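Look at the sequence and the structure before reading on.

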Amino acid sequence: MEGYKEKLKLQNWILGFSCAILACFCVLGLLAEMGVVELTPISGDSHWKSQWRGGISGASFGILVLMLIGLIRNLVAMKDEKKLKKQYIKEHDERKIQIQTAAQAASCRTFLILGLVAAIVVGYFHMIISLVILSCVFAQSFLTLIYKLYYSKKF
């Protein structure tokens with residue numbers, strides 16, 4: 001259980017650091033929306049720029065809330081041995097891990113297939129977007145290959 005506590009301490013540090021960075025983005029987005037600082041995309045009219053700042057602020061705030069929930073959950077679990085053990089069991093449930101692994105593999109394959117279809121269809125309308133989608137598909141395929149090689153040597 002001590003190894004799990006050390007893992008949670010590292011996770012808490014990462015979550016805390018990430019929360020601080022996201023809080024800065026939230027504040028910057030709000031200050032930009034109020035006109036205190038200049039934070040705008042390169043192109044677009046004033047309506048698009050305002051929508052962009054609001055989207056960045058909203059996404060940052062939403063992710064910040066999720067990270068804070070995880071941080072608070074970890075801190076509460078670390079103070080109570082029963083909750084720590086319950087959280088450990090929940091995170092290391094073999095059935096749940098197998099389901100998650102199968103779901104991730106299926107979603108990866110689906111993403112690759114739909115990405116290729118999207119690249120072909122979008123290619124008729126905008127070549128740059130089609131190339132960006134192809135780049136994402138290539139990056140996903142490359143990462144899958146790298147992880148397959150890594151885990152084939154690990155197990």
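Gln-98 is exposed, with a relative accessible area of 56%; buried means under 20% relative accessible area, exposed over 50%, and partly exposed in between (1.4 Å probe, protein chains only). Gln-98 belongs to helix α4 (residues 94-123). Helices (H or I, at least four residues) and strands (E, at least two) are DSSP runs, numbered from the N terminus. Between the C-alpha atoms of Gln-98 and Ala-32 there are 45 Å, and along the chain the two residues are 66 residues apart.

The model is predicted: local features need pLDDT of at least 70, side-chain atom pairs count only at pLDDT 80 or more, and totals for chains, interfaces and linings use all residues. Residues are numbered from 1 along each chain as its sequence is written, and side-chain values use heavy atoms, with hydrogens and water left out.

**Salt bridges**

How many salt bridges does a search of the whole structure find? The search finds 4, where a salt bridge is a side-chain nitrogen of Lys or Arg within 4 Å of a carboxyl oxygen of Asp or Glu. Three of these pairs are listed here.

| Pair | Closest N to O distance |
|---|---|
| Glu-81 and Lys-5 | 3.7 Å |
| Lys-9 and Glu-6 | 3.5 Å |

The bridge between Glu-81 and Lys-5 links distant parts of the chain: Glu-81 is in helix α3 (residues 81-91) and Lys-5 in helix α1 (residues 2-34), 76 residues apart.

Lys-9 and Glu-6 are 3 residues apart in helix α1, so about one helical turn separates them. Lys-9 has 44% relative accessibility and counts as partly exposed; Glu-6, at 45%, is also partly exposed.

Arg-73 is partly exposed at 44%, and Glu-91 is partly exposed at 28%. A network of salt bridges links Arg-73 and Glu-91 with Lys-7.

**Positive patch**

Lys-83, Lys-86, Lys-90 and Lys-96 form a patch of positive charge on the surface. Patches are made of residues with over 30% relative accessible area and no salt bridge, like charges being joined within 9 Å and nonpolar side chains (Val, Leu, Ile, Met, Phe, Trp, Tyr) within 5 Å. Helix α3 supplies the largest share of the patch, 3 residues. Lys-86 lies in α3 and is exposed, at 64% relative accessibility.

**Aromatic pairs**

The whole structure holds 5 aromatic pairs. Rings of Phe, Tyr and Trp (its six-membered ring) pair if their centres lie within 6.5 Å; planes under 30 degrees apart count as stacked, over 60 as edge-to-face and the rest as tilted.

The ring centres of Trp-13 and Phe-17 are 5.6 Å apart and the planes are at 0°, so this pair is stacked. Both residues lie in helix α1, 4 residues apart, about one turn of the helix. Trp-13 is exposed at 57%, while Phe-17 is partly exposed at 47%.

Tyr-150 and Tyr-151 form an edge-to-face pair, 4.9 Å centre to centre with 75° between the planes. Tyr-150 is partly exposed at 45%, and Tyr-151 is partly exposed at 38%. Ring pairs join Tyr-147, Tyr-150 and Tyr-151 into a cluster.

How values were computed:
Areas by Shrake-Rupley, 256 points an atom, 1.4 Å probe, with all protein chains shown as cover. Lys, Arg positive; Asp, Glu negative; His and termini not counted. Charge placed at Lys NZ, Arg CZ, Asp CG, Glu CD.
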